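Here are a few notes to go with your first look at this one. Have the sequence and the model open side by side as you read.

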Amino acid sequence: MNPAYATVDHTFTVPLDHAAPGGDTIRIFAREISDRSRAHEKLPWLLYLQGGPGGKSPRPSATSPGWLAHALTTHRVLLLDQRGTGRSTPLTARAAARFRDPAQLAAYLGHFRADAIVADAELIRHTLCGGEPWETLGQSYGGFLTLTYLSQAPEGLRACYVAGGLPGLTATADDVYARTYPRVRDRVHEFYARYPDDARCLRQLADLLTAQDIRLPDGDRLTVRRLRTLGLLLGMGDGFERLHWLLDEALDAAGEPTDTFLYQVMNLTGFTDNPLYAVLQETLYGQGAGPTGWAASRALAAFPEFTEAADPLLLTGEMIYPLMFEDIRGLRPFAQAADLLARRTDWSPLYDPDRLVANRVPLAAIVYHDDMYVDAGLSLDTARKIGAARVWVTNEWEHDGLTASGDRVLTRLMDLAAGRA
């Protein structure tokens, strides 16, 4: 932690189901950060909404996240661990295993979507701000949360900043994955063009995993489908290099996977710290349009170039498949409940189009033109349907531009919202 920062830890008790406030409760953790020299001043609040689903808020260091120092020049920042993450009644594999009935776990998981997170934020705002509106900064999924917030409780918001996170307001999971596969395919080909030897290495690894039973340090078998999920790295600014250096030490002189490689793959693909990313991924697009039905898996049939036998081997990105809940130790306790969620048909809408078109809360958003995770076309279509929205489109950064740019992205977003840019 930067010694110039003053911190206060907060814990709040909130209803599991905000529609039934007299029922079960959970605990929500948030960390207040301020410039130590201004800690006693009355400063406007900035609520940070982390990407995900299933991502806990950042734990600040002297230099990370890069936007924080700039935010603290004008604001008091609240780093929220969204329900089920970090220190907010975490929904880990161990917690899921305590549910004996998959239907009970599925019902419990249904209370961890954007509408509940926004309701948590509103309870916290009234406690900390005395009812005054605050500003929000949403990274990726945090932008999805922002539009739910503007739909449910715009009176709680003074201004909103979104980085790489404007969702399609009516896009189904099928719509999303029809656009996702081509973007991932193109990104993998770009990676192979930069590192041709890595294409050969991944094909060699896939053939090896098909022929042999190779285990990760935790005992899970490393399958080809799990290997392919390493493609999730490629949407970040340093993703090409992270994957390249991982593969650089993947095989020993005898052509066998190294312990270093297996250990890193276990950590990168295990969902130990964020199982909700996999469990709730497709529920983001469940809004009364029928079941999501494992949309990423169904969409795969339309893209034969993604077969495991293909050469070069195409990696996958932000796609969640039912077999992952068999392959991965950290997801197995969620398997039956996740299948029930995929079949659920009564998801409530997360966005109110009429309220958004009438919005008067300043909203500034950056759209990354080449974003592998969030489709730029859907984002721009959404921006046109929101009142008081100003959008900045750029290909200067990948999906992690908010962090990778230091303070540049947040500075520009604040200027946009204030009419200075």
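1. Let's start with cysteines. A disulfide here means a pair of cysteine sulfur atoms within 2.5 Å. By that test, this predicted model holds zero disulfides.

2. Take Cys160 as a case in point. The closest cysteine sulfur to its own is in Cys129, and at 13 Å that is too far for a bond. Cys160 is also buried, with a relative accessible area of 0%. Cys201 counts as buried too, its relative accessible area being 11%, since anything under 20% falls in that class.

3. Now for a helix pair. How do α6 and α9 pack? Helix α6 covers residues 173-194 and helix α9 covers residues 239-248; their axes lie 11 Å apart, at an angle of about 60°. That angle makes α6 oblique to α9. The crossing of α6 past α9 is right-handed.

4. If you want to find the contact on screen, pick out Arg187, Glu190, Phe191 and Arg194 on the α6 side, then Phe240, Glu241, Leu243, His244 and Leu247 on the α9 side. Sorted by class, this contact of α6 with α9 has four nonpolar, four charged and one polar residue.

5. Last stop: Thr148, which sits in helix α5, residues 141-152. Is Thr148 buried or exposed? It counts as buried, at 0% relative accessibility. Leaving aside residues up to four places away in sequence, Thr148 touches Ala114, Asp115, Val118, Leu350 and Tyr351.

Note on methods: Residues numbered from 1 in each chain as written. Predicted model: local features only at pLDDT ≥ 70, side-chain atom pairs only at ≥ 80, totals over all residues. Heavy atoms only, no water. Axes fitted to C-alpha atoms, helices over the stretch in contact; angles between N-to-C directions. Helix = DSSP H or I, 4+ residues; strand = E, 2+ residues; numbered from the N terminus. Parallel < 35°, antiparallel > 145°, perpendicular 65-115°, else oblique. Left-handed = near helix turned anticlockwise from the far one by under 90°. Contact = heavy atoms within 4.5 Å. Nonpolar A, V, L, I, M, F, W, Y, C, P; charged D, E, K, R; others polar. Buried < 20%, exposed > 50% of the residue type's maximum accessible area, 1.4 Å probe, protein only.
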